[in-house]
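Good morning, colleagues. Please look at the sequence and the structure as they come up.

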Amino acid sequence: DSTLRDTRKISVSGGEYVINEDGSVKITTQTVSPYISFGIKSEVSYEAADFPYIAVLTKGCWANSGNVYYCAGPILTAENNYSENWDIEDTAYEGGWTLGLMDFSDYNEDGWYGRINSLRVGFDFSADDIADEEFNNFDIGFIGAFRSVEEAQAYTAAWLAAKGYSAEVTT
């Protein structure tokens, strides 16, 4: 399984995190650009070319945008040359959950090859948001690498159903 399940494999920079009762991770931001590092390499040994879709399920995230730094093959640490922006509100579901999905299938010559080492998911907030307790925290349901969009959507539907939410898209 290529998803963030073992919270011992993550670290948060620019914020603090706690594990919610449902297994999701609550992030409280302390800077305008917090990020989560997920050391997937120690969890799995998947080839990047076989898992070109990165999905992030969030709830209550007021960030304006985000980015994913990908590390695969010889790339072992986050570098600006190996990142992609993403739209945080790609697909919305019941309960305020939203799925951000990034397609790295055309990145084989740009560092998305070899064994997946890690992912770093960043969020860009406004200074006003991090100063307000209503907006400075959000939940991460999962971060994962998938073979296809359909696999990511099916995993999302199963994850939501297990938590008692409908997988019906609301927007």
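Predicted model: local features only at pLDDT ≥ 70, side-chain atom pairs only at ≥ 80, totals over all residues.

Let me begin with the open sheet, which is built from six strands in the order β2-β3-β11-β5-β9-β8, with antiparallel pairing. At its edges stand β2, residues 15-19, and β8, residues 91-92; each has a single partner strand, so one side of each is left without a neighbour in the sheet. Against this sheet packs helix α2, residues 149-162, which touches β5 (53-59), β9 and β11 (137-146). The direction of α2 makes about 135 degrees with that of β11.

The mean pLDDT of the protein is 80, and 88% of its residues reach 70 or more. Where is confidence highest, and where is it lowest? The highest mean, 91, belongs to α2, the helix that packs on the sheet. The lowest, a mean of 76, is found in strand β7, residues 83-86.

On the β9 side, T98 is the bridge partner of A92.

Now to the overall composition. The protein contains eleven strands and two helices. Read from the N terminus, the order is β-β-β-β-β-β-β-β-β-β-α-β-α. Of the contacts between residues at least 6 apart in sequence, 75% join residues at least 24 apart.

A second pairing involves β1, residues 10-13, and β4, residues 35-38, which are antiparallel and share four bridges. Within this pair, I10 stands opposite F38 of β4. Which residues of β1 lie on its covered face, and which on the uncovered one? I10 and V12 form the covered face, whereas S11 and S13 form the uncovered one.

Of the 171 residues in the protein, 44% are buried.

Finally, the cysteines. Are C61 and C71 buried or exposed? The cut-off for burial is under 20% relative accessible area. C61 has 10% relative accessibility and so counts as buried. C71, at 2%, therefore counts as buried as well. As for disulfides, the count in this model is zero.

Thank you for your attention.

Definitions and conventions:
Residues numbered from 1 in each chain as written. Heavy atoms only, no water. Buried < 20%, exposed > 50% of the residue type's maximum accessible area, 1.4 Å probe, protein only. Contact = heavy atoms within 4.5 Å. Pairing = 2+ DSSP bridges. Axes fitted to C-alpha atoms, helices over the stretch in contact; angles between N-to-C directions. pLDDT = per-residue confidence, 0-100. Disulfide = S-S within 2.5 Å.
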